[in-house]
2 protein chains.
Amino acid sequence: MTAIATDQAPRRRGRPGNDLEAVLRAAVEVFNERGYDGASMEILSRRLGIAKSAIYHHVSGKEELLRMALDRALDGWSEAAQRAQELDAPAIERLELLVRGTVAVLEDRLPYVTLLLRVRGNTDIERAALARRRSFDKLVAALVEEAERDGDVRADVDPKVTARLMFGMINSIVEWYRPGSRPDGADPLADMVCAIAFDGLRVRR
Amino acid sequence: MTAIATDQAPRRRGRPGNDLEAVLRAAVEVFNERGYDGASMEILSRRLGIAKSAIYHHVSGKEELLRMALDRALDGWSEAAQRAQELDAPAIERLELLVRGTVAVLEDRLPYVTLLLRVRGNTDIERAALARRRSFDKLVAALVEEAERDGDVRADVDPKVTARLMFGMINSIVEWYRPGSRPDGADPLADMVCAIAFDGLRVRR
């Protein structure tokens, strides 16, 4: 039976918990619990139950793990931005697709997004991550502005502030969201974010 | 000229920077910069340029300063909640008054709200603050629910999640807001929050 299970499961390098994905997952856990400064390869090796040398087989150190973890969140946002930009539709629909994509990234990569949102720019890696965040913010503000010019978004809101408020709402989800099963393809949380941000709470009469 | 100025200004106890208000203001600065654990009465006394004994003249120690600082934010929210509950108007209008009140507290007491939002519940004082936050969240959720029953808020949003998203948006303002002059009585930021949350970005046709 064991042989069959091994054949069916994708082959992993080394012992369980010894592959790069498991190392990265544990590193993000440790960073989120103790802060980057409070984390060490020693703590990580204890958490994984493997020798430090086994970790160094995959990565050069703590810095590389931080960069990879932040990229995991930022790449998710970039892919969502890419999909939104490629959509052949008015700016407001591209904006909504981007909002839904960002919520989905948060749900799927919660610990990585949590880590990203705590970054304050103390190291080169953190500053590079903040620069990628800022270019994302700019894209969102540009979409809001374009939708305003199209007459699809109300003209009395400032695009930059709107982008900040909307993503402030989305990012605050990391404070309380706990991953759960959700019906395939449906995303009630993204629906609710879009209901509030695009259509507002007030019932129209 | 000095005598006239002294007569006009409200009398302060001791040297400038030596009154309780100045001590509290400096303490919040230090807490926000270094974290509560990284702050000490020693650092605070250097920041104020006064002896530690002069600080102990006002407060019993670091814990009391933390409690006072958190209360400064929480009392602002409580007062906003009180005003909203006393308003003789439908739930949706009480909710909007509460949202505006909360944004105003954030603008007026930014460092205190920033400190409150970072609290994780590591001490009794922090846990008491979190309990007050939770009762505030409950009040907001109850108002959303009542407005839904009135038919004023769309029925497809969960009141609890809505309350979290709305205040996630408001609280995210601490990340980028810098106090500036604003025209008396007007609050463009509160207007924008209400425009998004209550009426939505999308233009109706």
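How accessible is A:Arg202, and does this residue count as buried, partly exposed or exposed? At 26% relative accessibility, A:Arg202 counts as partly exposed; here buried means under 20% relative accessible area, exposed over 50%, and partly exposed in between (1.4 Å probe, protein chains only). The model is predicted, so local features need pLDDT of at least 70 and side-chain atom pairs count only at pLDDT 80 or more, while totals for chains, interfaces and linings use all residues. Residues are numbered from 1 along each chain as its sequence is written, chains are lettered from A and ligands numbered from 1 in the order in which they are written, and side-chain values use heavy atoms, with hydrogens and water left out.

The size of an interface is often given as the accessible area lost when the parts come together. Chain A and chain B bury about 3,500 Å² between them, with 61% of it on carbon and sulfur atoms; this buried area is the accessible area (1.4 Å probe) that two parts lose on being put together, summed over both. On the chain A side, A:Leu165, A:Leu201 and A:Arg202 lose the most area to chain B, together 22% of what that side buries. The contact (heavy atoms within 4.5 Å) takes 35 residues from chain A and 35 residues from chain B.

Charged partners also meet across this interface. Six salt bridges are counted between chain A and chain B, a salt bridge being a side-chain nitrogen of Lys or Arg within 4 Å of a carboxyl oxygen of Asp or Glu. One of them pairs A:Asp199 with B:Arg202, the closest N and O atoms being 3.1 Å apart. Helices H6 (91-108), H9 (159-171) and H10 (188-199) of chain A each supply at least two residues of the side that touches chain B; helices (H or I, at least four residues) are DSSP runs, numbered from the N terminus. The largest share of that side, eight residues, comes from H10(A).

With 12 residues at 1.5 Å a residue, H10(A) should span 16 Å, and its end C-alpha atoms are 15 Å apart, which agrees; the expected span is 1.5 Å times one less than the number of residues. Nine of the 12 residues in H10(A) are buried, among them A:Leu189, A:Met192, A:Ile196 and A:Phe198. The buried residues of H10(A) pack against H6 and H9 of chain A, together with helix H9 (159-171) and helix H10 (188-199) of chain B.

A:Arg202 now returns to the picture. This residue forms a salt bridge with B:Glu96, the closest N and O atoms being 3.2 Å apart. A:Arg202 lies in the segment after H10 of chain A and B:Glu96 in helix H6 (residues 91-108) of chain B, so the pair joins two chains. B:Glu96 counts as buried, at 19% relative accessibility.

Salt bridges are also found within a chain. The side chains of A:Arg47 and A:Glu29 meet in one (2.9 Å, N to O). A:Arg47 lies in helix H3 (residues 41-48) and A:Glu29 in helix H2 (residues 20-38) of chain A, so the pair ties together parts that are 18 residues apart in sequence. A:Arg47 is partly exposed at 35% relative accessibility, and A:Glu29 is partly exposed at 39%.
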